[in-house]
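Colleague: Could you walk me through some of the packing in this model? I'd like to start with the rings.

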Amino acid sequence: MSPYIEATKEHILKVASYVNSHNSNFKFWVGFCGYRDYSDHIDRLQVFDFTNSLKKFKTYITNKVMAEGGDDTPEDVLGGLNAAITEMTWSNATRILIHIGDAPPHGCRFTNLYDKYPNGDPNGLTAESVLKKMRLKKILYYFGKINDSTNVMLNVFREIIGEFPVFDLMTMGDNPELLVDKFCKATSSAIFSSITLTTTLRNSESIYSLQQKKLQINPHEPDWTTYPEKTGKLLCCTPPRTLAEVEDEFYFINSSFIEQDIFFKLALQPFSVGAERYAYFALDTSLGHANKLVIKKYHDIKIGTIERYLESVEIFNIAYFFSTKFNIAAEQVGINKKVTFIDVKVLYDEKDNTYFSVEKYINNAEFKKFNVNSGLITEFHSILEAFAHFTYKYTEGYLVVYDLQGADLHNEFLLTDPVIHCVDLLRFGVTNLGMNGIQKCFLAKHKCNDICKKLKLDNYILEARCYENGIGVEKDIKKAFEYYQQSAEIGHIDGIYNVGRCYENGIGELKKT
């Protein structure tokens, strides 16, 4: 374990720097729990409780943690996990346990190697009892795999809590830098995915239910020759043409839908599962040659219910409207990479009386999540952050299009499944966090970049509103007024309006008449 302990010491500062580079508002608390075996007695468990000082953490790992002890292959894995769960102070909303292990627990349930305790933990701990505590404390579990001796253990754990991420940390020979790099990527991935889960799903039961659902997926495209052809109807509508139509809550309901016949094939198992929907491979066979599709189905929708699927089409149409406006404005200032949203339609399966959403499959491209509706930036791209700012500016604060994910292609970002935070909480579904989402998930976290500046999306108004309302910073009316003034001085209409409002209402300045 020595090279892995050394890598842990070296990588934690890199991880903090990487995650905070575009998410400066996130605060890290790190701790350590090490375990050996029962024969090591007093030194069997080693706990360093959570601290927000990365320096203290690194010092502890350097001076106090060493790999030694043990007289058979299994280790006190359950005792170590139990100590981490029960003896450490888990107080923050996002709770991540990254378990690095090179040996299984005791007991023939986990290994057929030499074991002094073949009947299992001598203190009576079981995988079920330990993992139940972890689940009750809403802790998300990740495992770093060093060798194959833990394979059986991982399968047992999956039976109890469902699917969970396993990182490949197989020995990197004499290349410690490569091992540290693996640790950094694994830990950063764990942080990003955990924050995404805990901000999208409301409780731990939903998280563990999602992990169980992941056991049901099949990531491989099926042999379509064995699948029957189905018939259905596609429903699509024309995107809004003006901002007034975007803001009209009845525009989409009153739109004329175009109906098309479709022949298609649908995989029996999903290839992916998200917080709200399953995603299935599918084929459009209508035109004599097959075109790949992705069909999505909500977890909790009753047969014959269309409303949520129409909602997803409305969100696409509005995001598409803003992408066209953004691309025109960006091209005028020399930015040629486009933001594009994949066309979404409603599919009705006539035989099964079932609705889905359907979109084209992105071929030969890596799917990525660039940011999350909570404001987390998982992979920074100035164009995408500027696009979100553009939607806020274009609508004068009525909405923000965020939660951007898809493919980063040579000349465009091809995106799917965005979220819209809107002041009207009755629109755009459960992922719309309303004014709170606009203010806390975007305004308080956005930092204007070079593209924002080229598009004249100044940050003064964002900063002013944060200080005026105490969003992400201590409320400071005087400072808010100063930012409104700076915006007004460069001729921005929002700044001029807000300076007038401040004078009229005595905000940050003496009231003037």
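Colleague: How many aromatic pairs does a search of the whole structure find?
Modeller: Bear in mind that this is a predicted model, where local features need pLDDT of at least 70, side-chain atom pairs count only at pLDDT 80 or more, and totals for chains, interfaces and linings use all residues. Residues are numbered from 1 along each chain as its sequence is written, and side-chain values use heavy atoms, leaving out hydrogens and water. Rings of Phe, Tyr and Trp (its six-membered ring) pair if their centres lie within 6.5 Å. On that basis, the whole structure gives 27 aromatic pairs.

Colleague: What kind of pair do tyrosine 141 and phenylalanine 164 form?
Modeller: Their centres are 5.1 Å apart, with 75 degrees between the planes. Planes under 30 degrees apart count as stacked, over 60 as edge-to-face and the rest as tilted. So this pair is edge-to-face.

Colleague: Which parts does that pair tie together, and how far apart are they in sequence?
Modeller: Tyrosine 141 sits in strand S4 (residues 139-145), while phenylalanine 164 is in the loop between helix H5 (151-161) and strand S5 (166-168). Helices (H or I, at least four residues) and strands (E, at least two) are DSSP runs, numbered from the N terminus. The pair therefore links parts separated in sequence by 23 residues.

Colleague: Is phenylalanine 164 buried or exposed?
Modeller: Buried means under 20% relative accessible area, exposed over 50%, and partly exposed in between (1.4 Å probe, protein chains only). Phenylalanine 164 has a relative accessible area of 4%, so the call is buried.

Colleague: What type of pair do phenylalanine 481 and tyrosine 503 make?
Modeller: Phenylalanine 481 lies in helix H14 (residues 477-489) and tyrosine 503 in helix H15. Their ring centres are 5.6 Å apart and the planes are at 75 degrees, so the pair is edge-to-face.

Colleague: How do helices H13 and H15 run relative to each other?
Modeller: The axes of H13 (residues 460-469) and H15 (residues 493-505) come within 11 Å and cross at roughly 30 degrees. Axes are lines fitted to C-alpha atoms, for helices over the stretch in contact, and angles run from 0 to 180 degrees between N-to-C directions. Angles under 35 degrees count as roughly parallel, over 145 as roughly antiparallel, 65 to 115 as roughly perpendicular and the rest as oblique. H13 and H15 are therefore roughly parallel.

Colleague: Which residues does isoleucine 98 touch, not counting those up to four places away in sequence?
Modeller: Isoleucine 98 lies in strand S3 (residues 95-101). Contact means heavy atoms within 4.5 Å. With those sequence neighbours left out, isoleucine 98 touches Tyr142, Thr187 and Ala190.
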